[in-house]
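Please read this briefing with the sequence and the model side by side.

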Amino acid sequence: MTGHIYIIGMGPGYKEMMTYEAYQAMAMSDVIVGYTVYIDLVKEHFPDKEFFTTPMRQEIERCKACYDYAKEGKKVAFICSGDAGVYGMAAPMYELLPEYETQNITSDDITVIPGVTAAISGAAQLGAPINHDFCVISLSDLLTPWETIERRLRAAIQGDFAIAIYNPSSKKRHDYLKKACQIMLDAGADKNRACGFVENIGRDGTKTVVCTLDELKDAQVNMFTTVFVGNSKSEIIQGKLVTKRGYEI
């Protein structure tokens, strides 16, 4: 008998910031699968579980392991940070599903459980930076051509969206945020546009910074940072980044 796969958004990592549904799905599963860093965040809560981890860039192997466990009849919790449907593993799991149809695994055997993505949890730390129309753009060019990322950044500024930027830096992409800021300035954003960023959201060492777009260009960030660029009406109010909803105050 086929088991069941729960694709779970676990939020930033703290138990208090997981949804009840996400925690319960992990509790009822036989095995928990995930990136090594994420498994380390939940291991202490489920000491009796079987765990399967793979390092970065072995995401598809992780997905296939979930299907293999399900074929054995096990309940599988496949955890992702934030939300599984936002730069998470929900899409590749469904892309792989046709390979397993002949092994009696169907979409009925998969449940996606939402979580709190960094655009939401980071926004709460900074104030209200995405309180109007906004978009999310990742600066990682591992799976997306840089030319496409550039085009999306320009379009976001031209559309006057507030922007949440994921993956602003890494060892190999240390200057990508600086490049992104320059693209947004060239696209018409004012150098004094209100911005901010949050490091280690919902984990030890959470740090928030508000600044202008010009200052953001030279900010030191890392792969655990989420960056927010306000729209043309955003302001910094008593240390909080606020994108106005539009009410008459």
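The points below are grouped by topic.

The model is predicted, and its chain contains eight helices and 13 strands. Buried residues account for 48% of the 249 residues in the chain.

**Overall shape and surface**

- The chain has a radius of gyration of 20 Å, which agrees with the value near 18 Å that a compact globule of 249 residues would have.
- Along the principal axes, the C-alpha trace of the chain spans about 60 × 35 × 35 Å.
- When contacts between residues at least 6 apart in sequence are considered, 69% of them join residues at least 24 apart.
- The chain exposes about 12700 Å², and carbon and sulfur atoms supply 50% of that area.

**Strand 4 and its partners**

- Strand 4, which covers residues 75–80, is largely enclosed by the rest of the structure, because five of its six residues are buried.
- Strand 1 (residues 4–9) pairs with strand 4 in the parallel sense over six bridges, and within this pairing I5 stands opposite V76.
- Strand 2 (residues 31–35) also pairs with strand 4 in the parallel sense, here over three bridges, and V31 stands opposite V76.

- Strand 12 pairs with strand 13 (residues 240–242) in the antiparallel sense over three bridges, and the bridge partner of I236 in strand 13 is L241.

**S29 in its loop**

- S29 is found in the loop between helix 1 (20–28) and strand 2, and S29 counts as buried because its relative accessibility is 2%, where the cut-off for buried is under 20%.
- The side chain of S29 reaches the backbone oxygen of A25 at 2.7 Å.
- Apart from neighbours within four places in sequence, S29 is in contact with Y6, K49, K75, V76 and A77.

**Helix 5 and the residue after it**

- Helix 5 spans residues 118–126, and its buried residues are A118, A119, S121, G122, A123 and L126.
- Helix 5 is followed by G127, whose phi is positive, near 130°.

**Cysteines**

- The count of disulfides in the model is zero, a disulfide being a pair of cysteine sulfur atoms within 2.5 Å.
- C135 is in no disulfide, and the nearest cysteine sulfur, that of C195, is 13 Å away.
- C211 is likewise in no disulfide, with the nearest cysteine sulfur, again that of C195, 5.5 Å away.
- C211 is buried, having a relative accessible area of 7%.

How values were computed. Residues numbered from 1 in each chain as written. Predicted model: local features only at pLDDT ≥ 70, side-chain atom pairs only at ≥ 80, totals over all residues. Heavy atoms only, no water. Buried < 20%, exposed > 50% of the residue type's maximum accessible area, 1.4 Å probe, protein only. Helix = DSSP H or I, 4+ residues; strand = E, 2+ residues; numbered from the N terminus. Pairing = 2+ DSSP bridges. Polar contact = N/O pair within 3.5 Å; in protein donor to acceptor, adjacent residues only side chain to side chain. Contact = heavy atoms within 4.5 Å. Rg over C-alpha atoms; globule rule 2.2 N^0.38 Å. Areas by Shrake-Rupley, 256 points an atom, 1.4 Å probe, with all protein chains shown as cover.
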